[in-house]
Amino acid sequence: LTSNYSPQSSAPPGQESQEQLVHISQSILIDSFWLVSTMLSSNDVDNEPYLALVEIVKGLSQALSSSSPFFDSQLQITLDPTFLESCGLLPSFIKNQTAETFTNKIKKYQSQVCFKQMKFNVLSEESEGYAKVISFLFSPMNILKIFFGAAIFDSKMKENNPTTYHFDTHKQHVVTHIRGLMGAFNLDPNRVLDLLLESIEAVICDQENKVSEYNTEVLLKILFSVLTDFKEENIPHLLCFKLSPYIPYTPKKQKEGEKPAPSPPPPPPRPTPKP
């Protein structure tokens, strides 16, 4: 454990196994310190085993601070904050150097990492961005121009059935254009996904009514490929919300022995106007 070992230095050939052995042995030693510290109580000032363990950890930390810089960080990660306070090994950025402050810092960090939600403020979003997304998604000519490129757009449209092109490469042009609009105007991805679903619905309606002058099969293929760039788990929720007005209402069945809900009182009679 006291060998000259530094994780930042490049080890000579054939020494990898020795470095791994040193790392494993230090981890086992720290786990042993944690187990013993949980079995001993820090409430009693005259608890000799607890005080002896504190001195052992402090001495070992001072001995390995130069040869193994990550040893103190592993102690701070593994051991209890109260025991670290007794050993004087709390991180330097902790104010007052108390276990309570260190514990509150850990709780705040874990809350930010595990429970913080990404929220898009409606006031910070610019309506110009949504206007540009709508004008792009609901204009087949703009989609095909970005997909094929303005230089070859006219020649491809003359064929009306483009088959000689690399789809994945051209599809990335459309994805990059939509991502650029979302990033430039700080747009909510779920709202952009909603507009994309509306665009697909509009193209399908044009295909059924045969009113579009463009190749609707190519448009649908492009839009469905862009759809895969969004989170797939959000699509069913959006579709359910959009189709909820079309779901017929079914009243809740009354259980046996349950009293029926009271009917609302009739409205008061309207006063007759005086002649």
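**Close-up 1. An aromatic pair, Tyr50 with Phe83, in a predicted model.** Let's start with the rings. The count of aromatic pairs in this predicted model comes to 1. The ring centres of Tyr50 and Phe83 sit 5.7 Å apart, and the ring planes make an angle of 80°; planes over 60 degrees apart count as edge-to-face, so that is what this pair is called. Look at where the two partners come from: Tyr50 belongs to helix α2 (residues 48–64), while Phe83 belongs to helix α4 (residues 81–87).

**Close-up 2. Helix α6 packed against helix α9.** Here you can follow α6 (residues 127–137) alongside α9 (residues 167–185). Their axes are 9 Å apart and meet at an angle of about 165°. Angles over 145 degrees count as roughly antiparallel, so α6 and α9 get that description. The crossing of α6 past α9 is left-handed. Which residues make the contact? From α6 come Glu128, Gly129, Lys132, Val133, Phe136 and Leu137. From α9 come Val174, His177, Ile178, Leu181 and Phe185. Sort the residues of this contact by class and you get 7 nonpolar, 2 polar and 2 charged.

**Close-up 3. Helix α10 packed against helix α12.** Now find α10 (residues 189–209) and α12 (residues 234–243). These helices pack at an angle of about 65°, and their axes are 11 Å apart. As α10 passes α12, the crossing is right-handed. On the α10 side, the contact uses Asn190, Leu193, Asp194, Leu197 and Glu198. On the α12 side, look for Asn234, Ile235, Leu238, Leu239 and Lys242. How many residues of each class does the contact of α10 with α12 have? There are 5 nonpolar, 2 polar and 3 charged ones.

**Close-up 4. Ile200 and its contacts.** Stay on helix α10 for this one, which is where Ile200 is found. Ile200 has a relative accessible area of 5%, and under 20% counts as buried, so Ile200 is buried. What does Ile200 touch, if you skip its neighbours within four places in sequence? Its contacts are Leu220, Leu223, Phe224 and Leu227. Take Phe224, one of these partners: along the chain, Phe224 and Ile200 are 24 residues apart, yet their C-alpha atoms are separated by 7.8 Å.

Technical notes:
Residues are numbered from 1 along each chain as its sequence is written. This is a predicted model: local features need pLDDT of at least 70, side-chain atom pairs count only at pLDDT 80 or more; totals for chains, interfaces and linings use all residues. Side-chain values use heavy atoms; hydrogens and water are left out. Axes are lines fitted to C-alpha atoms, for helices over the stretch in contact, and angles run from 0 to 180 degrees between N-to-C directions. Helices (H or I, at least four residues) and strands (E, at least two) are DSSP runs, numbered from the N terminus. A crossing is left-handed if the near helix is turned anticlockwise from the far one by less than a right angle, and right-handed if clockwise. Contact means heavy atoms within 4.5 Å. Ala, Val, Leu, Ile, Met, Phe, Trp, Tyr, Cys and Pro count as nonpolar, Asp, Glu, Lys and Arg as charged, and the others, Gly among them, as polar. Rings of Phe, Tyr and Trp (its six-membered ring) pair if their centres lie within 6.5 Å; planes under 30 degrees apart count as stacked, over 60 as edge-to-face and the rest as tilted. Angles under 35 degrees count as roughly parallel, over 145 as roughly antiparallel, 65 to 115 as roughly perpendicular and the rest as oblique. Buried means under 20% relative accessible area, exposed over 50%, partly exposed in between (1.4 Å probe, protein chains only).
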